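Biologist: Let's go through this one label by label. I will ask what stands behind each term.

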Amino acid sequence: MDINDLSINLLHFAEVDSTNTYAKVHHSELADGTLIYADIQTAGRGRLDRIWLSRKGNFFGTLLMKKLANPFLGTMVLSLGALDALKNLAPDLPVWLKWPNDLYIEDAKLAGILSETVQQCDNSRIIAAGIGLNLVLSSDDRSVIGKPAAAVENDKINPEKFALELAKCAKKYYIMGIACSEKLFELWRKRNDLVGMELVLELGGGVSVCGTAAGIAADGGLILRDGEGREKTYYCGDVSVNRESVRRAWERRKALNEN
């Protein structure tokens with residue numbers, strides 16, 4: 001099959017335990033490029049098996065990809081697709097891509113992405129890349145989440161409308177990943193806006209490091225520069241940024257673009 005003929009098929013449920021779980025369990029009967037989404041998830045989860053609040057009115061979906069070898073590529077396809085979809089539907093929304101798998105507004109998380117795999121008999125892997133996107137959040141939701149959280153808050157964008165736009169945008173990046181994964185990676189690296197921001201990287205076990213994001217390494221790691229100018233690359237961890245740091249980084253980037 002010509003990869004340019006690849007279609008993104010939408011599969012909608014009123015309720016499901018987890019769109020990622022459904023994709024992994026039913027992958028053999030689902031077409032490549034199926035985007036599963038649900039009004040409600042009863043067992044939604046994020047990285048490290050954290051519970052993802054899955055209230056009706058928000059978007060919960062998983063894109064099934066059978067032609068990519070690396071689950072990190074699945075994260076790139078879905079994050080770039082979601083970023084484009086939001087910019088198309090809400091051009092004034094100040095959404096940005098944060099390493100390794102989140103979409104943010106200022107210092108608050110708008111969406112998280114979780115890529116998982118299913119090992120096949122021939123040792124190939126199928127990728128189920130899931131995204132949870134806050135379209136609306138109540139004050140009670142924010143208090144339950146317990147961390148800075150953002151929402152699109154645009155009554156013109158509902159889950160169905162976002163699913164249609166995401167399918168269109170993600171298809172482009174899925175095809176790119178199949179044809180030239182290096183091109184997909186370079187685009188993802190270029191569109192990561194964390195560079196130049198001061199951040200805290202939580203490594204687990206109560207250990208964290210502070211510094212300035214100096215760049216994204218050729219292998220996808222985050223290059224962090226400490227207060228003495230030393231740089232070290234990290235490959236996992238939870239990143240926290242502050243609003244003032246985001247503002248300063250954007251001002252520097254804007255000044256560079258104008259000169």
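Modeller: Start with the open sheet of 5 strands, paired antiparallel in the order β11-β10-β9-β8-β12. Keep in mind that this is a predicted model.

Biologist: What makes β11 and β12 the edges of the sheet?

Modeller: Count partners. β11 (231-234) and β12 (238-241) each have a single partner strand, so one side of each has no neighbour in the sheet. Neighbouring strands of this sheet are turned by 45° against each other on average, direction ignored.

Biologist: How do you know that β10 and β11 pair?

Modeller: Pairing takes at least two bridges. Strand β10 (residues 222-225) and β11 have 4 bridges, in the antiparallel sense. One of the links has Arg225 with Glu231 of β11 as its bridge partner.

Biologist: Now strand β3 (residues 59-65). Why is it called largely enclosed?

Modeller: Because 7 of its 7 residues are buried. Buried means under 20% relative accessible area.

Biologist: Which residues cover each face of β3?

Modeller: Phe59, Gly61, Leu63 and Met65 lie on one side, and Phe60, Thr62 and Leu64 on the other; all are buried.

Biologist: Which strands pair with β3?

Modeller: Strand β2 (residues 34-41) pairs with β3 over 4 antiparallel bridges. There, Ala38 has Phe60 as its bridge partner. Strand β7 (residues 125-133) also runs antiparallel to β3, joined by 7 bridges. In that pairing, Met65 meets Ile127 of β7.

Biologist: Why is the pair of Phe59 and Phe162 called edge-to-face?

Modeller: Two tests. Ring centres must lie within 6.5 Å, and planes over 60 degrees apart count as edge-to-face. Here the centres are 4.9 Å apart and the planes stand at 70°, so the label holds. The pair links distant parts of the chain: Phe59 sits in strand β3 and Phe162 in helix α4 (residues 159-179), 103 residues apart.

Biologist: What makes Phe162 and Leu194 stand out in the largest nonpolar core?

Modeller: Their contacts. Among the 64 residues of that core, Phe162 and Leu194 touch the most other members. Helix α2 gives the most to this core, with 10 residues.

Biologist: What does Leu194 touch, leaving aside neighbours within four places in sequence?

Modeller: Its contacts include Trp96, Leu97, Trp99, Leu222, Val239 and Val241. A second, separate core has 9 residues, including Val16, Tyr22, Ala23 and Leu64.

Biologist: Back to helix α2 (residues 71-89), where Thr75 lies. Why is Thr75 called buried?

Modeller: Its relative accessible area is 7%. Buried means under 20%. So Thr75 counts as buried.

Biologist: How do you know that its side chain makes a polar contact with that of Ser115?

Modeller: The limit for such N or O pairs is 3.5 Å. The side chains of Thr75 and Ser115 make their polar contact at 2.9 Å. Not counting residues up to four places away in sequence, Thr75 touches Pro100, Asn101, Ile113 and Ser115.

How values were computed. Residues numbered from 1 in each chain as written. Predicted model: local features only at pLDDT ≥ 70, side-chain atom pairs only at ≥ 80, totals over all residues. Heavy atoms only, no water. Buried < 20%, exposed > 50% of the residue type's maximum accessible area, 1.4 Å probe, protein only. Helix = DSSP H or I, 4+ residues; strand = E, 2+ residues; numbered from the N terminus. Axes fitted to C-alpha atoms, helices over the stretch in contact; angles between N-to-C directions. Polar contact = N/O pair within 3.5 Å; in protein donor to acceptor, adjacent residues only side chain to side chain. Contact = heavy atoms within 4.5 Å. Phe/Tyr/Trp six-rings, centres within 6.5 Å; stacked < 30°, edge-to-face > 60°. Core = buried A, V, L, I, M, F, W, Y, C linked by side-chain atoms within 4.5 Å.
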